[in-house]
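User: I have a structure open here and would like to talk through its packing. Could you take me through it?
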Amino acid sequence: FTIKYNMKQEKAYSVANGIVQEVLNGIRTVTAFNGQKKEQARYTKSLKNVPSIGIKKGFILGCCQAFSNISTGIVFMAALWYGPYLIRTESDKYSAGIFVGIFISCLNVTWCFNQIIPSLEKFADAVSSGSYVFRTIARISKINPFSEDGEKPASLIGNIELRNVHFTYPARPDLPILKGVNMKIPSGKIVAFVGYSGCGKSTVVSLIPRLYDADVGQILLDNHDIRTLNIEWLRSQIGYVGQEPVLFSGTIEDNIRLGKPDATTEEIVEAAKMANAHDFIMKLDDNYKTSAKGQLSGGQKQRVAIARALISKPRILLLDEATSALDNTSEKVVQDALDKTKGGRTTIIIAHRLSTIINADFIIVFDGGRVAEQGTHDQLITQKGLYYELTTQKEEEKAEEKDDNDTFVPNGIGVRMSSVSRMASSHLDDEEQQEVGDDQNPQEMSSTDGSKRKRWPTPFFFKLLKLNSSEKYYLLSGAITSLFFGAVEPVVGLVYSLVFGLLANPDGQKQEIQTRNLALGIVGVYIVAGVLQFISTVSFAKAGEELTMRMRLLSFAAILRREISWFDKDSNSVGSLVTRLATDTTALKSLTGVRIGVLLQSLGAVITALLLAFQSGWKLTLVVLLLTPLLILSGYLQGRTQSKAGHTKSAKSFAQEGGRYAVEAIQDVRTVATLNKEKYFIHKYEEAFNNDYL
């Protein structure tokens, strides 16, 4: 049952983490439209069932613990009653020594079994998580970039041909995209794909590097079906720049070097010049060492992405709206560079600008998933077909945009956007001032007369208890029952000693009556223990789940009210924040959840044991206590070794760093695939966690 509830919780958390990732990726848009509260509400809704699931899981765990205690009591009752009976009736076979030996052995076995119960929750977590992990690992990829299968031709000319290609995206099986596409793209030419949105241009570009495979038909590269070629080799021959420029964490130099890992500094600079990126890079404070995240405009990112694609001098270059964010001057520089270096390179460009289309050697016009027209610019204009209609429409839109720029934009959109910016800025300023005030509050408070007086900072544990104050009655009941439950084992030990003492009583009838009474007392104690542990587990489960929920919501709200520049830091990347939000808030549950119950149980056991020990014999108790520090030291060393306390020597969390690489790679998997960098990100991910053990 706990496994079932764990799987439900993990499913809810995955949905919530998806919302967090989506919001943080578009944080500028969310902030500009003051959508923080809306996103908080969406995040809250995704988690609304999580506490109740956790409480049900705690209820089941509590029932298991109660059953275990009661069963233990019944076993010991039987042993304590039947053992002395055998000693009295079969004294030739059973003695007090044999009984004590058997009883202690059974006691150790029972104790070992009882240790399994607290681990059931972790076991259930592992099973539910492991089932997903093993399913993921076992899944066989239809297009495996790590496979060594396939041909690796010694040379590549660059002729591309599509024969009767049909394709439908797996996520939209009822909407065919390509419907029998046929085309030939000769080597060394610049070919432009033109057509209305959704006509299949980008889909063809995605099929060439085998991001997808065609449902029907063939795609040939130098008369080789690309499905017969080695995937890694195929993608190493292709440079790709998508509609949205994707840069990864690291410097500008690091990002350009992804296109060619062994590139020299001179090659990086040359590629940047070809993409018209060198000049703006040199104006940055750290030049090529500048972080690629947060400091570049859309056009600058696009130029860096183009430089990354050009540095490897690919035989095939795919540009899917890759110059849409460039101004006319930058586009002309990039276009001239492509013309100068195209020697033998096949280039496919998807663009809407007429200037880019006109410069192409050949133009292919798409309409409704089919090739409608082919030819040069002049030929297609003469035909006065779909291409003529598109170019005429673009010229009219260009004229309208020019008129709009002269009149409407400054008084309309410009005013509105500046107003939105001021609203967002004002909102963030207010939130930031409130946040600063909150941060300063533990250190100093303003008194009514305006003077400031020092105050000791509130201990972290008490801050958590304050956040958990709504569940104070659950915490109180859990604490009290845990303390009393801790007293059970010392009391049971006292009963055992009384039973063992009765074995020396020569009066058989009196021994039988007292042994029976003590055996019944044992089972009564364990029944009470089961009820106490059940209440403790359920109470702390309720408090822990509510605290986790509350901390997740507070943390998410705190992240959303940050200024935009805070998100530009590598330490605050989307991957790091998602990892931090998922793991840190869950870890806090241990302070008011089952773990604190164990601590209080230990405290109750220590207090009760000391009282009984001092009452029985204070001299021996003091002698034993003198050796207690050795036990405490060994426990501390064992705990330090197991938890690797203090292993992180810097503020940077290796788990967050690994999460950052994972989120980047998965989020921008198309770019990772076309760059052939799956192994690179796997290595980075593995390296981040390996550092945790150095």
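Analyst: Gladly; this is a predicted model, and one term is needed at the outset: buried means under 20% relative accessible area, and exposed means over 50%.

User: OK, which residues in helix H3 are buried?
Analyst: In H3, which spans residues 36–46, the buried residues are Gln 36, Glu 39, Tyr 43 and Ser 46. Seen down the axis of H3, these residues fall within an arc of 85°, so they line one face of the helix.

User: And what does the face turned away from that buried side carry?
Analyst: That face of H3 carries the exposed residues Lys 37, Lys 38 and Lys 45.

User: Switching to the largest nonpolar core, which members touch the most others?
Analyst: Those are Ile 252, Ile 256, Tyr 288 and Ile 363, in a core of 41 residues. Several elements supply at least two residues each, among them strand E3 (190–194), helix H8 (252–257), strand E9 (362–367) and helix H15 (386–406). The largest share, six residues, comes from H11.

User: What does Ile 252 touch?
Analyst: Leaving aside residues up to four places away in sequence, Ile 252 touches Ile 281, Leu 284, Asn 287, Tyr 288, Thr 290, Ala 292, Leu 296 and Val 304. There is also a second, separate core of 33 residues, which includes Leu 162, Ile 219, Ile 316 and Phe 366.

User: How many aromatic pairs turn up?
Analyst: A search of the whole structure finds nine. One of them joins Tyr 680 and Phe 681 edge-to-face, at 5.2 Å centre to centre and with 90° between the planes. Tyr 680 is partly exposed, with a relative accessible area of 32%, whereas Phe 681 is buried, with a value of 5%.

User: Last topic, backbone: what is phi of Arg 210, and where does the residue lie?
Analyst: Phi of Arg 210 is near 60°, a positive value in a residue other than glycine; for context, most residues other than glycine have a negative phi. Arg 210 lies in the loop between helix H6 (201–207) and strand E4 (216–221), and at 5% relative accessibility it counts as buried.

User: What about Asn 676?
Analyst: Asn 676 is not a glycine either, yet has a positive phi of about 60°. Asn 676 lies in the loop between helix H29 (669–674) and helix H30 (678–690), and its relative accessibility of 17% is under the 20% cut-off, so Asn 676 counts as buried.

Key:
Residues numbered from 1 in each chain as written. Predicted model: local features only at pLDDT ≥ 70, side-chain atom pairs only at ≥ 80, totals over all residues. Heavy atoms only, no water. Core = buried A, V, L, I, M, F, W, Y, C linked by side-chain atoms within 4.5 Å. Buried < 20%, exposed > 50% of the residue type's maximum accessible area, 1.4 Å probe, protein only. Helix = DSSP H or I, 4+ residues; strand = E, 2+ residues; numbered from the N terminus. Contact = heavy atoms within 4.5 Å. Arc of directions from axis to C-beta. Phe/Tyr/Trp six-rings, centres within 6.5 Å; stacked < 30°, edge-to-face > 60°.
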